[in-house]
Amino acid sequence: MNVQILSRKMITPSSPTPRHLQNLKISWLDQFLSPHNYLPFIFYYPSNGDENNEERSKQLQNSLSEILTIFYPLAGRYIDNNLIIDCNDKGVEYIEAQVSGCLSQLLEGGELETELRNHLAPHPVQPDNSPLVLIQFNMFESGGVAIGLCVTHRVADAYTVFTFVRTWATACKLGVDKVPHSPSFQLPSFFPSRDTISSPNRFIGRNHHKIVVMKRFVFTGAALSKLKAVLSASTVKGSHQPTRVEVVTAVIWKTLTMVAQAKHGRLRPSLLSHTFNMRGKIAMPIPDNSCGNFINVALSHFTADDETKVQLHDFVDSVYNGIKNMVSDCARVSSDDELFIMAEKIRIETIKAFTRSEMDLYMFNSWCRMPVYQADFGWGKPGWVSGLYVPGVEMVFLVDTKDGDGIEAWVSLEEDTMLLFQENPDIKAFTGQEL
């Protein structure tokens, strides 16, 4: 597959941002919890037999310009020294690319491996002064298109990105007047930035000289039903019925624990961090349509003290308790300081785990139940949505399958760890073919 860049341009808002909105302070959640990298996604649209890609591209650009008037911070530039987004209307980068081959055949054949996918998404050329949003419209010669999107994590979480894409798609298909709600950018007024916060940590693998690889493992709805049945048979009647995310997280955590034991000759303690969306989960009157970073981390522990506590239901219980406790804590938060103290405690515990050579840290992000597959620009919903490999970072991303019943787990691990992980009997038994 060959990708040829045809054009690059900046798409600016269709009307200028008012002067009183041109300097947006970031929140401490932005500066505290989020790394300086981009959230990358690719939306794949197989051919529907009636394609005019030149016209499609014009519609995408026009509707993008219109919605940037309501997502005005995304058309600006981040100024690190001042902790602000300069909403200067410089725009987002829009790239057109021609791709050899047929998208449907590539998807059916499972040929979109990591290196190929990375060519379908844009990458910032000047990281210190790049647009906050970069978009690449890929036109396949034999049919189908793919929209690659990168949004800086410094000013947006996954909820914000998917809200932006769904709004853009609605404006493109139906017109900007059909967009149901405008986003809110009030989070910095609730959680103002703090001078005492150092630059956020980027958790790169301890052995960063080793190669980190990403693979996809698909847990179908049928496989998850089977897993839940296995868990029901091994737990006390009336106990918690795990969610799909809890089950998949537990299977992967248990497998990583067994892999670590095989590598080191003994069970090792580990800390699991699970990022979740705080919208609607705290006592403060935060608008549900708040855009920016509004995420927190639930922690779960494996102590390795009791070798009998390595059954799948033990890991499920630990994941459930970690999430339940954090959601309960968030529900009691009624002030900026309370949330900051909670986040600071989590950060300290996570850093300690990361720096302990005898302990493992596993980081999970879930995008399940987000409107990943709702992006209909006028030519149908995407046939598939994928993430991208982030160099050097070991992490697990969970996202719904298109039918909404299963979960795709995008797992990034050091190469030698991945070889053991993918051969684990539980992973082979409960997942489809990895990509």
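Predicted model: local features only at pLDDT ≥ 70, side-chain atom pairs only at ≥ 80, totals over all residues.
Which exposed residues does the face of α10 turned away from its buried side carry?

**Stop 1: helix α10**

Select residues 336–355, which form helix α10. The helix has 20 residues and reaches 29 Å from its first C-alpha to its last, close to the 28 Å expected at 1.5 Å a residue. Colour D336, L339, F340, M342, A343, I346, T350 and A353, the buried residues of α10. They cover an arc of only 160° around the axis, which puts them on the same side of the helix. Now turn to the face directed away from that buried side: the exposed residues there are I341, K345, K352 and T355.

**Stop 2**

Select F191 next. Leaving aside residues up to four places away in sequence, F191 touches D336 and L339, along with S27, W28, L29, I282, M284, I286 and F294. D336 and L339 are also among the buried residues of α10.

F191 belongs to the largest nonpolar core, which has 101 residues. Within this core, L64, F164, F191 and F377 touch the most other members. Select residues 158–174 to see helix α5, which supplies the largest share of the core, 9 residues. A second core of 37 residues is separate, and L227, L272, V319 and L398 are included in it.

**Stop 3**

Select residues 407–414, strand β15. Here 8 of the 8 residues are buried, so the strand is largely enclosed by the rest of the structure.

R216 has W410 in β15 as its bridge partner.

Look for D400, which stands opposite I407 in β15. The hairpin of β14 and β15 has 6 residues between the strands, and G404 takes a positive phi near 80° there.

**Stop 4: a sheet of 3 strands**

The last stop is an open sheet with antiparallel pairing, in which the strand order is β2-β5-β4. Select β2 (23–25) and β4 (77–79): these stand at the edges with a single partner strand each, so one side of each is left without a neighbour in the sheet. From one strand to the next, the twist averages 30°.

Finish with residues 84–86, strand β5, which is joined to β4 by 3 bridges. In β5, I84 is the bridge partner of I79.

How values were computed:
Residues numbered from 1 in each chain as written. Heavy atoms only, no water. Core = buried A, V, L, I, M, F, W, Y, C linked by side-chain atoms within 4.5 Å. Buried < 20%, exposed > 50% of the residue type's maximum accessible area, 1.4 Å probe, protein only. Helix = DSSP H or I, 4+ residues; strand = E, 2+ residues; numbered from the N terminus. Contact = heavy atoms within 4.5 Å. Pairing = 2+ DSSP bridges. Axes fitted to C-alpha atoms, helices over the stretch in contact; angles between N-to-C directions. Expected span 1.5 Å × (residues − 1). Arc of directions from axis to C-beta.
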